[in-house]
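My entries follow the structure.

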Amino acid sequence: MIANGISWSTFGILYGALAAAVILIYLLRMARRGRAVSSTLIWQKVMGSRRSLWKELISLLLQLLLILLLCLALVDPRPPADSFQRRWVVLIFDASESMAAHGDGPSRLRLAERDAWRMISTLRESDRAMIVSAAAEIDALTPFTGNQEELKQALTKLKPSGTRPKIAEAIDYALSSFAYAGVGANDTRHLYVLTDKPETVVAPEAENVQLGVIGVGQTLPNLALTSFDVRKTLNLTEAHDALLRVTNFADAPVSAELAIFTPENTITINRVDLGPGETHNQVVGLPFNTFGKVTALLRKVQFADGAHDALASDNAAFAFVPPTRKSKVVLVTNKNLFLYNALALNPEIDMVSVRPEEYRHGLSSAADVVIFDRFTPPQEPVCSAMYFNPAPGGPFAVMSTKKKPAMTGWAEGHPLLRHVVMDTLQIDEARILKPAKDDVVLMGHFDGALMLLRPRGETFLLGVGFDLAKTDLPLQSAFPIFIHNVVHIFSRKPEGEIDTGHRIGDRVDLTVTEGRERVVLVDPLENKIPVAVRGGRALYRPEMPGFYTYADAGALRVFAASLLDDKESDLTVTQAGALPAFDNEDGRGGIERIAPWLILAALLLAALDMVLFLNGKLS
Amino acid sequence: MGKLFDDEFLKKLEYLYLLSKKLFHGKTQAQSRSKKIGWGMEFADYRDYAPGDDPRYLDWNLYARVEQLVTKLFHEEENLNVYFLLDTSKSMDFGHPSKFDYGKKVVAALAYVALNNLDSIAINPFGPELLPELPMLRGKGQIMKVFDFLEKLEPTPTTDMLKALATFTAKTRTKGLVVIVSDFWDEAGYERALKGVYSGGFDLSAVCLHHEYEAKPKWRGTVLMADSETGKRHQVTISNRALRRYETEYNAYLDRLRNTCHGLHCHYLYAHTSIPFEDMILNVFRQGQFVK
């Protein structure tokens, strides 16, 4: 036997001390003074003539045995590890959202849990098992343990969350766990993956490990929102479009209602009819100034064969559209109505118009864009700027002035010239600008450029080498679009950076003010979740679809999370199976821990002592 | 006046006396009928005339009818003699108040009532033997002697009821009512002692005094008990089961005492010292054994 608790020598000292104390107490009790009573006549009859010395001795022996058992329990003696063969079992559960799908009975995850419990209950006391949850993150719910109650508790903690479960990583983790767990030479290793997509699991080559992939559940019908994206409209205005895709993963036709709404307004409701496996794409233009929480919802789902939708979490998708801000533009012109009107009529622009003599450099610090019409200030503005017919000595070097300059080409794919055609542009006179290093020529000339874009840190300078009064550009329909493109791009983030939603299980980087130690997140069920800030970042993986809010620097921030995953919504199960039950008739098991039995024996002994005492059998 | 018999005690005695008069209203003083056949007022029996008989008691009417001389016999009317036999053994010196003090109060109270009834009383304490007695007293004014005598009584080491009561029976010629106040804890037994008194022609009345812990012990666990009289030690493990057995044996012991008393036409009274002594005395009155 190997002492797993206190050492054998400590045991000897402890037991010796306790036994000596018990014997001392026994002797003191024997020697104590008597209690005077008026007569012992009745007591003599009660006790009879029996001398109670043997009772005392048996009582003493029982107490010595009791402390012996307890001291042995502290030693926690165990047989050597190689005296029996143990099984080491790792159960990896696919905890992705599709495991929440259910038909008429329990969910796939609960089916897997039952199957696992059935197998765990066949483990011997000396066997060890570990529960691993694999979703967007790998979570070992227990270490290797023989405590079946602990394993059972861990099984109840399994819950679906996220997409794209990291099964392969979980298998790697399990294999490395075998290596560090102290698996004996005679022991066997078992690794089982319980998933509803067994065909996606690639079983690695691992020596001495019995690996099994168990398919859970059966194929179920599902209608899902597989895509929901909100983005700026293609014409670079501040309005948004919602792009949706609905997919029928069932073998039967389905009809449903698709609604898009904000907390204040219903934007659209339309009916969707899809055949088996069909997909419906829809673009919904959101009214201008629609921002905040936008929800897409599939409801009244009816399959032709009467089946019900097996997964609810993909019937709703969420997006959070940040509020729009008008671009602040300072127009420095001497009554150029073309420019003035093009800016004044744009609802997304907040314009201030000043005469050249009224312009002060300080105006540029509060603006997104300054447009100089036939005026070149001595000092470059702080913000982005656009110069029409820039004078020599300004930011752009003027090479020459040309009558009816021939345009050699224009940057057709450039965002500033999106939806604009310059092929027919007529220019009466223009200043030829000299491109500098890193300048982008948007409109070329044999000698230089007619239009130049110069990046300047986070701002831009755009030089247009001609006067609007000496070109037909203001008369073309492209003019307001060109002005809008310039203002929009110069004052806004690029379109691709608009963050409207996340997939559940993906990591969300929360915006936090420097110096904060934690953020309290409120999930869609109004639960408050503290998120620690480490290295200035607060990272969180949303586990359920919906809106999440948190406060930062006095502002309430919101992000949205949705399922939106074709693979998770496809509830097809190709191979269903069940975990094997272990055979315990091979004679390789054994009692590993003796301490609990010693404690049990001590308790029984104490109970026996008490019963005998109460019945007068012992002193 | 000592602690035992203070003014409060005297008030209680007066109350008890008045209560006894009310309970036995109609009885005349000093008219206790003795079993002795003599020359009193109440007819008892006839017997053949013998020379020397007082001719005043010949039944001449009967002689006229049957021509036979017959002498009429009457109950002799005399005062009742009450003998209080108080157990002074160590076993009585137990509890708070001790059975000994309680017994003294009982004896004092009964003596007071008896003296008020113009009965004669004597107090005979006993322990391992019959101890010096308080001789026969009569009259209410003698009560202070009773108090003084009882105050001075001290517990004696042991009990030998047989020896003490046999001595009492042998030396006491005038019969009367014997009131034995004791806990009846005597290893030699009490039956023969009581029978001896009864056989000696005395009326018997037994008052058994126990502390409530003797009826229901409060101890638990292993106790080394020391007998107050014998000094013997007994290690006793008091478990629930032992308590149940104790209760059974205790009740059996009391049953035997009661049956013995009834067999001897003896009034029997059992009381705890936790009961106020005046209540206990009233029980004596209610049994009608004391004032007749």
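Which residues in α4(A) meet which residues in α5(A)? I am working from a predicted model. From α4(A) I noted A:R110, A:E113, A:A116, A:W117 and A:I120. Their partners in α5(A) are A:Q148, A:L151, A:K152, A:L155 and A:T156. By class, I listed five nonpolar, two polar and three charged residues in this contact.

Next I looked up the geometry of the pair. The axes of α4(A) and α5(A), residues 148-156, come within 10 Å and cross at roughly 170°. The two helices are therefore roughly antiparallel.

I then turned to A:S107. I found A:S107 in the loop between β4 (87-94) and α4 (108-120) of chain A. A:S107 counts as buried, at 15% relative accessibility. Leaving aside neighbours within four places in sequence, A:S107 is in contact with A:M99, A:A100, A:A101 and A:H102. I also checked A:P160, which is 53 residues from A:S107 along the chain; their C-alpha atoms are separated by 10.0 Å.

Salt bridges came next. I have 33 of them over all chains. One of these joins the side chains of A:D506 and A:R164, at 3.1 Å from N to O. A:D506 lies in the loop between β26 (502-503) and β27 (508-510), and A:R164 in the loop between α5 and α6 (167-180), so the pair ties together parts 342 residues apart in sequence. A:D506 is partly exposed at 29%. A:R164 is partly exposed too, at 41%. I noted that A:R164, A:R503, A:D506 and A:D565 are linked in a network of salt bridges.

I looked up a second pair in chain A. The side chains of A:E429 and A:K470 meet in a salt bridge at 3.4 Å, N to O. A:E429 sits in strand β22 (residues 429-434) and A:K470 in the loop between β25 (459-464) and α8 (478-491), so this bridge ties together parts 41 residues apart in sequence. A:K470 is partly exposed, at 35% relative accessibility.

In chain B I picked B:D54 and B:R56. Their side chains form a salt bridge at 2.6 Å, N to O. B:D54 is partly exposed at 21%, whereas B:R56 counts as exposed at 67%.

Last, cysteines. How many disulfides are there over all chains? I count zero. B:C261 is in no disulfide, and its nearest cysteine sulfur, that of B:C266, is 3.9 Å away. The cut-off is 2.5 Å. B:C261 is buried, with a relative accessible area of 0%. B:C266 is buried as well, at 4%.

Note on methods. Residues are numbered from 1 along each chain as its sequence is written. Chains are lettered from A and ligands numbered from 1 in the order in which they are written. This is a predicted model: local features need pLDDT of at least 70, side-chain atom pairs count only at pLDDT 80 or more; totals for chains, interfaces and linings use all residues. Side-chain values use heavy atoms; hydrogens and water are left out. Buried means under 20% relative accessible area, exposed over 50%, partly exposed in between (1.4 Å probe, protein chains only). Helices (H or I, at least four residues) and strands (E, at least two) are DSSP runs, numbered from the N terminus. Contact means heavy atoms within 4.5 Å. Axes are lines fitted to C-alpha atoms, for helices over the stretch in contact, and angles run from 0 to 180 degrees between N-to-C directions. Angles under 35 degrees count as roughly parallel, over 145 as roughly antiparallel, 65 to 115 as roughly perpendicular and the rest as oblique. Ala, Val, Leu, Ile, Met, Phe, Trp, Tyr, Cys and Pro count as nonpolar, Asp, Glu, Lys and Arg as charged, and the others, Gly among them, as polar. A salt bridge is a side-chain nitrogen of Lys or Arg within 4 Å of a carboxyl oxygen of Asp or Glu.
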